[in-house]
Amino acid sequence: MSKVAAFLSGRRTRWVVVGFWLIVVAALLPFQKLTDVESNDASAWLPKNAESVSVVQRAAALLPNDTVPGVVVYDRGGQALTDADLAKVTADAAAFRGVENVTGEIAPPVRSGDGQAIQLVVNLHVPQDGWAGLGKSVDRMIELAKHDDQGLSVHVTGAGGYAADSGKVFTQGGSLMLITLLIVIVILLAAYRSPVLVLRPLFAAGVALAVAQGVVYLLAKHAGLTVNAQSSFILTVLVFGAATDYALLLIARYRQELRRRENPNAAMAEAWYRSAEAILASAATVTVSMLVLLFAHLGSTQGLGPVCAVGILSSVLVMTTLLPARLVRGPWMWTLWRKTNGRWVFWPVMPEYGSVDPTESGLWAKIGDWVAVRPRRVWIAATLVLVALALGITGLRADGVPDRHSLTKTTQAMVGADVLDKHFVAGAGDPVYILTRADAADQVRAAVATVNGVIVPATPPLVKDGTAMIAVTLTDSPDSAAAIATVGEIRDAVHRIPNAEAEVGGSTAVKKDMEDAAARDSRVLVPVILLVVFLILALLLRAIVAPLLLIATVVVSFAATMGISALVFNHVFHFAGADASFPLMAFTFLVALGVDYNIFLVTRIREETERHGARRGALIGLSATGGVITSAGLVLAGTFAALGSIPMTFAAELGFTVALGVLIDTFIVRSVVVTALALDFDRYLWWPSKLFRSGPSATEPEPADSDEQVAPQPSVV
C-alpha cells in the first residue's frame with residue numbers, strides 16, 4: 001500500500017498515471033452512446049421463462065414481431081361526431097399506412113356507443129432506436145390527423161402512445177447531467193471555498209463517467225448486458241455522487257496531512273495510505289451488493305446491477321489514482337505553486353504546515369462531547385424515533401404504476417386514455433392474447449368466458465400451423481391492478497385444461513410477469529445483500545459485533561426512509577403507486593451507500609482506537625470525519641435528488657428516497673447512533689479482534705517509505 005501511495009504521488013510517476021487515464025478515455029470516446037444499445041421494451045426486461053415472453057415467441061408466425069398497439073382516439077369534447085368525421089378518420093387510416101413503423105392491416109374505425117368518439121387501432125413496429133423512433137412515428141400520425149381536422153381532437157394512446165411519450169422523456173440525459181454538475185459544484189464550493197480545488201474532483205468524475213459509459217456500452221454490445229434508459233440515468237448520478245464522495249474523503253485526509261508534513265508529495269502518500277482502505281472497502285461493498293442483482297429474475301434489475309458496479313469501479317479507480325496525481329501536480333503558474341509549497345490547490349484557504357486542524361474543536365467535536373455524556377440514552381432514543389417513522393411503510397403501494405401515471409406530467413397519451421375510458425370499454429385496443437393448440441381452442445374460449453372482466457369476441461380465433469390465437473378484451477384499463485388480477489384468473493382457467501398448452505400474453509400479462517419477478521427478487525436478494533455486506537464488514541473490521549451493529553443501523557435507517565417516503569408519495573406528491581422493483585432498488589442503494597459512510601467513520605475510529613483507546617478513538621473519529629462525511633452525504637443526496645428533474649414517476653421516487661435516506665444516515669444514524677453505540681459498547685465493539693483483547697497500542701506504525709518530517713500536533717481530546 002505504501003509503495004502504491006508513493007508511486008501515485010511521485011514527482012515523475014504521477015505523470016504516468018495521468019497519461020494512462022488520458023489514453024483510456026481516448027480509447028473509449030467512440031463508445032459514449034448508450035442510447036444505441038438501450039432496450040426499453042418492457043418485454044425485454046422479463047425472464048426468458050416468463051409466460052408472456054413465450055407468447056411473443058409462439059405468436060411470431062401469427063402477428064408481426066416487435067409491435068405495440070397505438071390507439072388513435074378522436075372526439076369533440078362531448079359533442080356527437082358526424083359522418084363527415086367518420087370519413088375523416090377513414091382517410092387518416094389510409095394516410096397512416098405510409099408512416100414509418102406502422103405495420104400490418106389497420107382495422108376500420110369504430111364509433112363509440114354514445115357516438116361522441118371514434119377509435120382506430122394502429123400496430124406500430126418498435127424500430128432499432130426503440131421508443132425514440134416510436135415517438136417520431138406518433139408525432140407524424142398526430143400531424144396527419146390534425147390536418148384539416150375541423151375542430152376534431154386527436155390523441156394517440158395505448159402501449160404505443162405511452163412508449164412514444166416515455167421516449168421523449170428519456171432524451172433528457174443532458175439536462176440531468178447539467179443539474180448534477182451544478183449541484184456538485186455548489187456543494188464543493190461550500191465545503192472547500194476553493195474554486196481551484198473544485199475542478200480537480202469534477203475533472204476526475206468526468207473521466208470516471210466516460211470510462212463507465214464506454215465499458216457499459218461494450219458489455220451491452222458484445223456480452224448481452226441489458227441496459228435501459230433508467231439504468232443510464234442512474235449511472236450518471238451514481239458515478240458523480242460516489243466519485244465525489246471518494247474524492248472528499250481523500251482530499252480531507254490530504255489537507256490534514258499537509259498540516260503535519262511540509263512536502264505535499266509525502267502528505268499525499270500518507271493521506272492515500274490512510275484513506276485507501278476505507279475507500280476501497282466502501283467501493284467493494286457497493287460493487288458486490290450491486291453484483292448480487294445479477295441473480296434477479298427481472299431483466300431490468302439484473303442489468304442494473306452490472307451497470308452500477310461498473311460505475312462504482314470506474315469511480316474508485318479514477319479517484320484513487322488520477323485524483324492524487326492531479327492534486328500534487330503543479331499548476332501552470334509554477335512560481336505560485338512553489339511559493340505556496342504545493343498548497344496552491346486549496347487557495348484561498350490553504351492549510352499551513354504545523355497549524356492545528358480545525359476539526360479538533362469544531363461542530364462535530366462538540367456533538368461527540370454531547371453524545372458522550374449519556375450514549376446509551378442517545379442511541380436508544382434515536383432508534384425509537386426511526387422505528388416510529390418506519391411505521392409509515394405500511395402505506396407503501398409498490399404494486400406497479402399504471403401507464404397513465406408513469407410520468408409526472410400530463411401527456412397527450414394520458415389525455416387520450418381518459419377519452420378512451422369515457423367512451424369505450426377500458427381494455428379496447430390492447431387485448432389479452434391467448435395461444436393454445438388449435439384442437440383445444442373451443443375449450444379455452446369457453447373457460448375464458450367464465451372469468452369476470454373479460455369480453456370474448458364472437459369472431460373465430462386466428463389459426464396457423466396447429467396453433468390458435470384468441471384475442472379477448474378486458475373491461476378494465478389494461479394497465480390497472482384490476483386488469484392484472486384478471487390476467488391471473490385467465491391463466492388459472494386455461495392452465496386447468498389438459499393438453500391445451502395454453503399461455504396468456506399481451507401488455508397486461510407483461511406487467512403481471514414483471515410484478516411477479518420483482519416480488520421474487522425482493523424476497524430472495526434482500527437477505528443475500530445483507531449477508532454480503534456483513535461478510536465484507538467483518539473482514540474489514542476484523543470483528544463481529546461492529547458489523548452486526550452497523551447493518552442493524554442501516555436497516556433501521558432504510559425502514560424509516562421508506563416510511564417517510566410512503567407518506568410523502570401518498571399525501572404530498574399524490575403518486576398512484578410505486579414500481580414493483582422500487583423496494584429492492586431503494587434497499588440496495590440505501591444499504592450499500594449507507595454502509596459507505598459507516599465504513600468511513602468506523603475505520604477512522606478503529607485507527608484512532610489503536611492509538612488512544614475505544615472511547616477517545618470514537619470521539620476523535622467523529623470529529624475528524626464528521627465534516628467530510630456530511631459534505632459527501634450532501635453531494636450524494638443532491639445528485640440523486642437531481643433525478644427529480646426527469647418527469648418520470650420511478651425516477652422521482654427513487655431520487656427522493658435515496659436522497660432522504662442518505663441525509664438520515666449522514667446526520668442521524670452515522671453521527672449520533674453509530675457514535676453512541678461505539679461509546680456505549682466501548683472495546684466490546686471490536687469483539688473478537690485484538691482491539692477487544694489487548695486494548696490500545698502504544699504507537700501507530702508509519703508507512704514503510706515515510707521519512708518526511710512530521711510536525712508535532714496537540715492532543716485532540
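This is a predicted model: local features need pLDDT of at least 70, side-chain atom pairs count only at pLDDT 80 or more; totals for chains, interfaces and linings use all residues.

**Entry 1: salt bridges**

I got 25 salt bridges for the structure. I picked out Arg253, which pairs with Glu607, with 2.9 Å between the closest N and O atoms. Arg253 sits in helix 9 (residues 229–260) and Glu607 in helix 21 (residues 582–612), so this pair ties together parts 354 residues apart in sequence. Then I checked the burial of both partners: Arg253 is buried, and Glu607 is too.

**Entry 2: further along helix 9**

Next I looked at Arg260, whose side chain meets that of Glu257 in a salt bridge at 3.1 Å, N to O. Both belong to helix 9 and are 3 residues apart, so about one helical turn separates them. Are the two partners buried or exposed? Glu257 counts as buried, at 2% relative accessibility. Arg260 comes out as partly exposed, with a relative accessible area of 22%; the cut-off for buried is under 20%.

**Entry 3: the network**

Which residues are linked to these pairs in a network of salt bridges? I found Arg253, Glu257, Arg260, Arg261, Arg604, Glu607, Glu608 and Arg611 linked in one.

**Entry 4: a pair in helix 10**

I moved on to Arg274, which forms a salt bridge with Glu270; their closest N and O atoms are 2.9 Å apart. The two lie 4 residues apart in helix 10 (residues 264–291), about one turn of the helix. Arg274 and Glu270 are both buried.

I turned to the packing next. In soluble globular proteins, nonpolar side chains tend to be buried together. The largest nonpolar core here has 164 residues, and the members touching the most others are Tyr246, Tyr254, Phe589, Phe640 and Trp686. Which helix gives the most to this core? Helix 9 does, with 18 residues.

I followed up Tyr246 and skipped its neighbours within four places in sequence. Its contacts are then Ile279, Ser282, Ala283, Ile312, Ser315, Val316, Met319, Asp596 and Phe600.

**Wrap-up**

Methods: Residues are numbered from 1 along each chain as its sequence is written. Side-chain values use heavy atoms; hydrogens and water are left out. A salt bridge is a side-chain nitrogen of Lys or Arg within 4 Å of a carboxyl oxygen of Asp or Glu. Buried means under 20% relative accessible area, exposed over 50%, partly exposed in between (1.4 Å probe, protein chains only). A nonpolar core is a set of buried Ala, Val, Leu, Ile, Met, Phe, Trp, Tyr and Cys residues joined through side-chain atoms within 4.5 Å. Contact means heavy atoms within 4.5 Å.
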